[in-house]
Amino acid sequence: MKNYYRLIVFLALLFLLGIGFIFYITREGNGKEFNKEAVSLDLNDITKRASDNWGNFGSFDDLKYSIDYIILDNNNRVMYDSQHQMAVNDISEKLNVAEAINSKQSYMYVLKDDQIVGSVIRTDDGNEWYRRLRIRFLLGAFIFCCIFLAGAVLYGRYINRNIIVPFDNMKDFASSVAMGNLNEPLLMDKENMFGSFTESFDIMREELSQSKKREIELQRREKELIASLSHDLKTPITGIKLTSELLKAKISKNSDGQEDDTIQKLDNIYNKADQIDVLVNDLFAAALDDLGEFKVNTQDEESKILKDIVVKYDDKELVSQSDIPDVVINIDQNRMSQVIGNIISNSYKYAGTKIDIKYEVIDDYLEMCIADYGPGVPEDEISLITNKFYRGKQWAKGEKDGNGLGLYISRILMEKMNGELLPENSSDGFIVRLLIPLS
């Protein structure tokens with residue numbers, strides 16, 4: 001603010017200087033220009049001196065009068081010209097007493113020994129001083145305008161540098177922060193009158209940056225914890241499945257072929273453990289994808305392994321498959337198994353109908369078309385069902401369990417294998433098309 005007050009004082013001094021300059025150049029001089037009596041006195045004095053010094057006019061060169069004049073003899077010859085516009089002893093054709101009378105110019109006769117020997121005629125019209133004053137005023141006004149403009153330019157530069165530019169910088173800074181760029185500091189000038197304000201902005205940026213780093217670190221640790229827990233859960237789930245299978249085998253052997261209620265309960269334990277295993281696999285895969293550590297290792301495989309994968313997940317024996325073209329595909333077998341398992345599991349859960357799978361070679365892909373005959377998906381949700389944690393509106397509040405990860409993980413896996421997953425409705429139900437890349 002000190003610099004601002006200094007600039008205001010400087011501009012005020014410039015303004016006063018301009019006014020003083022105009023006052024100086026338009027001052028009234030010796031004051032005789034405003035006094036008609038002074039003009040008459042000058043004319044009388046000139047006439048008297050001309051009478052006293054007739055024939056010797058050299059002394060007039062040292063005299064200063066408020067008027068311009070010319071001294072003529074009776075023959076209109078120029079005896080003296082105060083402005084030296086006419087040559088001495090030349091006949092004045094433009095100015096004489098008669099012309100002075102006609103133009104109402106002041107004149108007086110020069111008397112010597114009571115005889116008229118000549119005349120003194122005022123050659124200016126009395127407005128010369130006003131013309132000079134006008135020129136002085138215009139010059140003063142021009143200089144004052146120049147001073148005022150110079151002050152305005154200085155003030156404008158000060159406003160631009162210390163107010164407009166800092167505000168523009170803060171606006172750009174705010175936009176940058178809004179877009180998430182928290183690493184670029186807000187530059188500050190010690191001459192900036194909003195210095196403390198901009199400093200607070202930069203402190204806010206630093207705090208936001210630190211807060212964002214802490215949030216990212218917490219999210220990373222959270223994802224690592226989920227991945228670790230998901231991995232650790234796989235071991236006991238596998239143990240439960242193996243134990244239930246072993247118990248089922250022993251009971252079946254001891255029951256001599258008779259149906260036992262315990263076997264059904266063991267089947268339920270196995271199925272629930274298998275469901276948990278699928279959920280844990282999806283959660284583990286999602287956590288790895290968030291951490292950027294979701295690895296897919298593709299290699300060439302015979303296409304017939306797809307049929308084996310389908311059989312592995314067809315627990316309810318609802319799937320029928322067409323003949324598969326004998327081609328070589330480039331996939332990660334374990335990841336492909338996870339994709340197909342998720343799709344069949346979804347069909348079991350939400351459709352509960354038979355599932356038809358058809359195979360066809362299209363360009364550089366083997367298309368695997370998995371179709372069920374359930375209610376399908378609303379058209380406005382088709383593009384959303386492969387998003388993370390998205391569940392259809394009709395299932396979100398239903399009794400059927402789900403986490404919205406199955407199709408999301410499947411889509412990510414297909415993309416990592418350079419393939420594609422395309423969900424769509426059909427006239428009979430719901431279809432998932434898998435475009436599996438050929439070798």
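Analyst: In this predicted model, helix H1 gives the nonpolar patch its largest share, 5 residues. The patch covers about 700 Å² of surface and is made by Val 9, Leu 13, Phe 15, Leu 16, Ile 19, Phe 148 and Leu 149. Two elements give two or more residues to this patch: helix H1, which spans 2-25, and helix H4, which spans 128-178. Phe 148 is one of the patch residues and is found in helix H4.

The aromatic rings come next. The count of aromatic pairs comes to 7. Among them, Phe 60 and Tyr 80 form a tilted pair, with 5.5 Å from centre to centre and 40° between the planes. This pair links distant parts of the chain, 20 residues apart: Phe 60 is in the loop between helix H2 (36-52) and strand S1 (69-73), while Tyr 80 is in strand S2 (residues 78-81). Phe 60 and Tyr 80 are both buried.

Tyr 65 and Tyr 69 form another aromatic pair, with 6.0 Å from centre to centre and 85° between the planes. That pair is edge-to-face, because planes over 60 degrees apart count as such. Tyr 65 and Tyr 69 are buried as well.

These two pairs belong to one aromatic cluster, formed by Trp 54, Phe 57, Phe 60, Tyr 65, Tyr 69 and Tyr 80.

Terms used. Residues numbered from 1 in each chain as written. Predicted model: local features only at pLDDT ≥ 70, side-chain atom pairs only at ≥ 80, totals over all residues. Heavy atoms only, no water. Patch = residues over 30% accessible without salt bridge, like charges linked within 9 Å, V, L, I, M, F, W, Y side chains within 5 Å. Areas by Shrake-Rupley, 256 points an atom, 1.4 Å probe, with all protein chains shown as cover. Salt bridge = Lys/Arg side-chain N within 4 Å of Asp/Glu carboxyl O. Helix = DSSP H or I, 4+ residues; strand = E, 2+ residues; numbered from the N terminus. Phe/Tyr/Trp six-rings, centres within 6.5 Å; stacked < 30°, edge-to-face > 60°. Buried < 20%, exposed > 50% of the residue type's maximum accessible area, 1.4 Å probe, protein only.
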